[in-house]
Amino acid sequence: MLLGIMGAMPEEMDKIIASIDDKEIVERGSRIYYRGNLFGQEVVAVFSRWGKVAAATTATNMILDFKVDRIVFTGVAGAISPELNVGDIVIGQRLFQHDMDARPLMRRFEIPLTGKTSYETPQQNVDTMAQAVHTFLKNNKEFRKILAEQDITSPRLLTGDIASGDLFISSTEMKHALIKNLPSVVCVEMEGAAVAQVCDDYGVPLIVVRVISDTADEKAHISAIGFVNQHAGDYSLSILKEYIDLTNILKD
Ligand code: ADE
């Protein structure tokens with residue numbers, strides 16, 4: 001089993017990449033892929049750059065060139081649900097492309113010629129990642145102490161719908177428009193649903209796990225940059241470690 005690990009930004013992937021043993025480095029299509037062993041699991045890790053196209057080409061390469069069996073996409077997201085705070089974690093249930101709109105030819109959000117308005121993650125895959133995140137939240141005392149110093153005292157997990165699009169949501173007005181059109185969505189980012197489309201085309205399972213870096217409002221850019229610089233890498237690495245440990249146990 002070869003696990004593909006993707007993030008959009010170098011800060012989201014640096015610590016994962018640094019922890020890979022026996023690294024082979026392959027450059028292709030302006031991306032750098034790191035293949036090796038992470039906590040006993042064969043992996044390929046890459047940062048895709050921001051946005052749907054960059055994520056889609058990178059995911060395609062992961063599947064065709066490296067032949068990954070499964071992809072985990074990790075990184076930050078902006079909160080849409082008022083229930084979410086900075087530092088909370090979201091596992092994507094359904095993934096929507098909120099900027100897809102071919103009306104009046106098709107329904108709003110419909111991915112042309114698929115008949116779908118979203119890509120759904122199988123419940124079993126959501127549950128496995130949820131178990132890994134719960135273990136991370138319970139066991140990672142040192143990291144939790146660092147988070148608490150920054151007022152992230154009780155990070156929690158929410159499973160819900162994610163919207164992706166080539167827009168950084170940075171005003172209450174943009175946020176409310178998204179809520180109005182896609183009321184089930186709990187957070188927003190710029191890649192997940194594009195990778196989901198590629199994975200669906202090739203029949204490769206995908207799990208999107210995101211950490212809330214901002215509340216997608218007027219202060220989103222300040223909050224997101226601060227969070228990405230301070231915590232995104234530690235979250236990604238710690239969650240992936242628990243996920244790999246768990247899936248290795250389930251395999252035995
Ligand atoms: N990723 C992190 N925060 C985001 C936001 N506010 N909008 C889009 N993508 C994001």
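Hi everyone, let's start with helix α7 (220–251), which supplies 5 residues to the lining of the largest pocket, the biggest contribution of any element. What we have here is a predicted model, where local features need pLDDT of at least 70 and side-chain atom pairs count only at pLDDT 80 or more, while totals for chains, interfaces and linings use all residues. Residues are numbered from 1 along each chain as its sequence is written, and side-chain values use heavy atoms, with hydrogens and water left out.

A word on terms. Helices (H or I, at least four residues) and strands (E, at least two) are DSSP runs, numbered from the N terminus. For pockets, picture a 1 Å grid over the protein atoms alone: a cavity is a set of points where a 1.4 Å probe fits but cannot get out, and a pocket is an open set with protein on both sides within 12 Å along at least five of seven lines. A residue belongs to the lining if it has an atom within 4 Å of a point.

Back to our pocket. The largest one holds about 330 Å³ of space; that volume is the space filled by probe spheres set on the points, with grid points joined across faces, edges and corners. Which of its 23 lining residues lie nearest the centre? They are Met9, Trp50, Val76, Phe168 and Met190. Besides α7, the elements α1 (10–19), β5 (70–79), β9 (185–189) and β10 (206–214) each put at least two residues into the lining. Sorted by class, there are 13 nonpolar, 4 polar and 6 charged residues. Here Ala, Val, Leu, Ile, Met, Phe, Trp, Tyr, Cys and Pro count as nonpolar, Asp, Glu, Lys and Arg as charged, and the others, Gly among them, as polar.

Next, the strands. Take β5: 9 of its 10 residues are buried, so this strand is largely enclosed by the rest of the structure. Buried means under 20% relative accessible area, exposed means over 50%, and partly exposed is in between (1.4 Å probe, protein chains only). Which strands does β5 pair with? Two strands pair if DSSP finds at least two bridges between them. With β10 it runs parallel over 8 bridges, and Val72 has Ile207 as its bridge partner there. Strand β1 (residues 3–7) is also parallel to β5, with 4 bridges, and Ile5 sits opposite Val72. Then β9 joins β5 in the antiparallel sense through 2 bridges, where Ala79 faces Cys187.

Strand β1 has another parallel partner, β4, joined by 5 bridges, with Gly4 opposite Val44. In β4 (residues 41–47), 5 of the 7 residues are buried. On to β3 (residues 31–38), which pairs antiparallel with β4 over 5 bridges, and Asn37 stands opposite Glu42.

What lies between those two strands? Their hairpin has 2 residues between the strands. Phe39 is partly exposed, as its relative accessible area is 29%. Compare Ala216, in the loop between β10 and α7: its phi is also positive, about 50°, and it is not a glycine either. Is Ala216 buried or exposed? Ala216 is buried, at 0% relative accessibility.

Now look inside. In soluble globular proteins, nonpolar side chains tend to be buried together. A nonpolar core is a set of buried Ala, Val, Leu, Ile, Met, Phe, Trp, Tyr and Cys residues joined through side-chain atoms within 4.5 Å. The largest core here has 74 residues, and Ile71, Ile89, Met129 and Tyr235 touch the most other members. Our friend α7 gives this core its largest share, 10 residues. Apart from it lies another core of 10 residues, including Phe109 and Leu178.

Let's zoom in on Ile89. Contact means heavy atoms within 4.5 Å. Leaving aside neighbours within four places in sequence, the residues in contact with Ile89 include Val133, Phe136, Val209, Tyr235 and Ile239.

One last stop: the peptide bond from Arg103 to Pro104 is cis, with omega near 0°. You will find Pro104 in the loop between β6 (89–97) and β7 (119–120).
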